[in-house]
Amino acid sequence: MTYQSTCLMAAGQIELADAQMPSTIEPGFVRLKMATASLCGTDLHYYRHFANAGFELDNPVTLGHEACAHVVDANGSALLPDTLVALNPIINCGLCEQCLIGQINLCTAKRFPGSATTKPHMDGFFREYFDFPATCCRPVAADVNPDHLTFAEPLACAMHSVNVGQIKEGSEVLVTGCGPMGLLAIVAAAAKGARVTATDIRAETVDLAKQVGASEGFISGTTEAAERTATFDTVIEASGSAHAFNLALNLVKRQGIVSILSNIQLSDTRIELHRIMLKEVRVLGSFQFNREFEEAVRLIESGTLPLDPLIAAQFPLSQTAEALELMLSGGAAGKILIKSLAANAPCAA
Ligand SMILES: [Zn+2]
Ligand SMILES: [Zn+2]
């Protein structure tokens with residue numbers, strides 16, 4: 001039996017092909033049918049450069065690490081067929097020093113789908129069917145919206161940045177950058193009971209930030225921005241811009257925390273490093289997530305999060321390239337979803 005799959009062949013080149021379903025499933029893995037997937041900045045980096053954060057792909061790979069799926073073959077696991085599952089893409093070793101203390105995000109032998117850091121590369125989720133470890137599948141009730149459940153992974157990343165930033169009820173929080181990760185950081189911080197201010201260079205994303213939990217927002221680079229003072233307990237940097245990092249160092253309180261959720265890009269802007277010392281700012285990195293995945297799934301299951309405004313556009317799997325081009329154009333505010341075929345559509349024999 002064949003199924004529809006996408007593959008990144010080279011920079012800017014996504015190929016749609018019929019892939020052959022393996023006749024057997026690896027022990028410990030289950031066979032899944034993708035329900036909804038979403039595009040991440042990482043996918044976009046691979047699409048543009050065939051590399052991300054200095055890691056080059058050795059060969060063509062299927063992208064995608066944010067998705068939820070239905071169980072097709074439980075392969076002896078406790079999962080029930082047809083169950084909707086959230087997919088935790090971190091396949092950690094369980095044996096290294098980091099794993100033993102629960103920091104699976106920092107596992108030294110981690111495997112991750114659709115990534116150059118895993119060798120040989122492991123194909124990701126932008127395909128109709130795939131096999132994945134049963135331990136990475138978190139079953140949910142049938143009435144959970146798959147379009148929300150696909151956010152479990154990026155929401156978990158955002159929740160980790162909130163925990164790194166020691167954000168709690170009543171915290172004054174600034175989120176710099178209202179792209180998909182910044183917006184999810186706003187959702188996560190607001191869910192903790194923090195009071196969130198959002199900033200971005202684009203007015204429409206600041207408006208979107210207010211729809212998903214920010215109490216107020218301002219457009220960076222304006223006089224309003226220049227009049228802001230250092231009133232924030234925590235700043236989550238989600239833009240990747242050196243300019244925003246300076247804004248974070250400027251507006252965080254003395255002894256406050258700047259939680260870095262983005263990959264800050266090199267630029268000609270000089271980083272005002274002296275502020276770190278003068279204000280005793282704690283600048284902390286936030287990479288992926290640990291227990292936050294389970295917390296993210298529970299929050300999504302509760303149905304209380306404002307996730308619909310985050311959905312910018314939806315594309316069928318066959319138009320994954322068009323979806324990536326839309327993200328590349330910057331024309332979408334929020335997340336772009338990839339949908340598999342209708343649940344009951346027959347697959348090609
Ligand atoms: Zn991602
Ligand atoms: Zn490990």
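Helices and strands here are DSSP runs, numbered from the N terminus. By that numbering, P120 sits in the loop between α2 (97-100) and β8 (129-133). The model is predicted. The peptide bond leading from K119 into P120 is cis, with omega near -10 degrees. Most residues other than glycine have a negative phi, and most peptide bonds are trans.

A53 is not a glycine, yet its phi is positive, at about 50 degrees. A53 falls in the loop between β4 (51-52) and β5 (55-56). A53 counts as exposed because it has 11 C-beta neighbours inside 10 Å, and the cut-off for exposed is 12 or fewer. Q255, also a residue other than glycine, has a positive phi near 60 degrees. Q255 belongs to strand β14 (residues 252-260). With 10 other C-beta atoms within 10 Å, Q255 is exposed.

Now the overall layout. The domain assignment of the protein chain gives domain 1 (2-151 + 307-339) and domain 2 (155-285). The C-alpha centres of domain 1 and domain 2 are 28 Å apart. Where they meet, seven residues of domain 1 contact 10 residues of domain 2. The side of domain 1 that touches domain 2 is made up of five nonpolar residues, one polar and one charged.

Next, the interior. In soluble globular proteins, nonpolar side chains tend to be buried together. The largest nonpolar core here has 97 residues, and A158, A185, I186 and V187 touch the most other members. Helix α5 (residues 180-191) supplies the largest share of this core, 10 residues. Both domain 1 (2-151 + 307-339) and domain 2 (155-285) contribute at least three residues each to this core. Take A185 as an example. Leaving out residues up to four places away in sequence, A185 touches A158, S161, V162, V175, I236, A238 and L261.

Which residues does P306 touch, not counting those up to four places away in sequence? They are V187, Q211, V212 and G213. P306 itself lies in the loop between α10 (292-302) and β16 (311-316). P306 is partly exposed, since 14 other C-beta atoms lie within 10 Å. P306 and L184 are 122 residues apart in sequence, but their C-alpha atoms are 9.9 Å apart in space.

P27 is another loop proline, placed between β2 (13-20) and β3 (29-38). P27 counts as exposed because it has 8 C-beta neighbours inside 10 Å. P27 and V140 are 113 residues apart along the chain, and their C-alpha atoms are separated by 23 Å.

Finish with a helix pair. Two packed helices are described by the angle between their axes and the distance between the axes. Helix α1 (residues 41-49) and helix α11 (residues 320-329) have axes that come within 10 Å and cross at roughly 100 degrees. Therefore α1 is roughly perpendicular to α11. On the α1 side, the contact involves D43, L44, Y47 and R48, and these meet L324, M327 and L328 in α11. The residues of this contact of α1 with α11 are five nonpolar, no polar and two charged.

Key. Residues are numbered from 1 along each chain as its sequence is written. Chains are lettered from A and ligands numbered from 1 in the order in which they are written. This is a predicted model: local features need pLDDT of at least 70, side-chain atom pairs count only at pLDDT 80 or more; totals for chains, interfaces and linings use all residues. A nonpolar core is a set of buried Ala, Val, Leu, Ile, Met, Phe, Trp, Tyr and Cys residues joined through C-beta atoms within 7 Å. A residue is buried if 20 or more other C-beta atoms lie within 10 Å of its own, exposed if 12 or fewer, and partly exposed in between; C-beta atoms are placed from the backbone. Helices (H or I, at least four residues) and strands (E, at least two) are DSSP runs, numbered from the N terminus. Domain bounds come from an automatic or database domain assignment. Two residues are in contact if their C-beta atoms, placed from the backbone, lie within 7 Å. Axes are lines fitted to C-alpha atoms, for helices over the stretch in contact, and angles run from 0 to 180 degrees between N-to-C directions. Angles under 35 degrees count as roughly parallel, over 145 as roughly antiparallel, 65 to 115 as roughly perpendicular and the rest as oblique. Ala, Val, Leu, Ile, Met, Phe, Trp, Tyr, Cys and Pro count as nonpolar, Asp, Glu, Lys and Arg as charged, and the others, Gly among them, as polar.
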